[in-house]
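Dear colleague,

I am passing this structure on to you, with some notes on a few places in it. Please look it over before reading further.

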Amino acid sequence: MKVVLFCGGYGMRMRSGASDDVPKPMAMVGPRPLIWHVMRYYAHFGHTEFILCLGYGAHHIKDFFLNYEETTSNDFVLRGGRTELLSTDISDWTITFAQTGIESPIGERLRRVRHHLDGDEMFLANYADVLTDAPLPEMIDSFARRDAGASMMVVPPQSSFHCVDLGEDGLVGGITAVSELPLWENGGYFVLRQEVFDHIPENGDLVADGCAELAKRGRLVAHQHRGFWKPTDTVKERAALDAGYARGERPWAVWERDSAGARA
């Protein structure tokens, strides 16, 4: 299945200064940018046709792949001054680079790459800045069996704040951690059918317009995931992922886990 990645936003909370024009998906986690980790996740499950919805800072993403260094994340032999790779990351990937506008909302970016989907009835979509260990084949198979227009992965609230139950007299009746409330957040991993395009207007949004309308019609399903899921909206969140990578704690790297199991 083709994978549409939205990677054209400003990512203001990730920027370190006015001169920093690197888009959020290019923020580094270990030796590779976020977008690589997301793409490597999909490729591990056999989905290697990517459509990148570019916008702000597009040249950074293009340059990364045009000058890709396989030796950064693959073992190799240096023989007679020539590099012999023992494995490869992206040799079987097909990547379409599509400029979808600087200010375009997510839904409009999706509309602008529809022709690259070649009429495929089902496809995948992602914000390109969220890492997870979610069981992708299970998500796809579950959705394929359903009569629905879209599937959205949902996760428990990530906030560390607490909600306070107040009475009319100002007395606190209870305190509950947000993460313990019976609520779910959009996790950013989508399985979509072409039907979603029927509900995204020009300059519309994928979730607020497309998914919301499908929900009203009873054609939006959710895949609940309680495992690892981490966004990278801020410098602090990216730094935490980078530190985890350095310690060898990278549950999103399912390709490493499964390959280790195969060797055992």
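Where is the place of Ala 128? Ala 128 is in the loop between strand S8 (122-126) and strand S9 (130-132). Please keep in mind that this is a predicted model.

Two residues came up for their backbone angles. Most residues other than glycine have a negative phi. Ala 128 has a positive phi, near 70°. Asn 203 is not a glycine and has a positive phi too, of about 60°. Asn 203 is in the loop between strand S13 (185-193) and helix H5 (206-216).

Are these two residues buried or exposed? Ala 128 is buried, because its relative accessible area is 0% and the cut-off for buried is under 20%. Asn 203 has a relative accessibility of 48%, so it counts as partly exposed.

The other notes concern His 225, which is in the loop between strand S14 (220-224) and strand S15 (229-231). His 225 has a relative accessible area of 8% and is therefore buried.

Which residue does the side chain of His 225 meet in a polar contact with another side chain? The partner is the side chain of Asp 133, at 3.0 Å. His 225 and Asp 133 are 92 residues apart along the chain, and their C-alpha atoms are separated by 9.2 Å. The side chain of His 225 also reaches the backbone nitrogen of Gly 227, at 3.4 Å. Beyond four places in sequence, the residues in contact with His 225 include Thr 132, Pro 135, Met 153 and Trp 184.

Regards

Terms used: Residues are numbered from 1 along each chain as its sequence is written. This is a predicted model: local features need pLDDT of at least 70, side-chain atom pairs count only at pLDDT 80 or more; totals for chains, interfaces and linings use all residues. Side-chain values use heavy atoms; hydrogens and water are left out. Helices (H or I, at least four residues) and strands (E, at least two) are DSSP runs, numbered from the N terminus. Buried means under 20% relative accessible area, exposed over 50%, partly exposed in between (1.4 Å probe, protein chains only). Contact means heavy atoms within 4.5 Å. A polar contact is a pair of N or O atoms within 3.5 Å; within protein, one must be able to donate a hydrogen and the other to accept it, and residues adjacent in sequence count only if both atoms are side-chain atoms.
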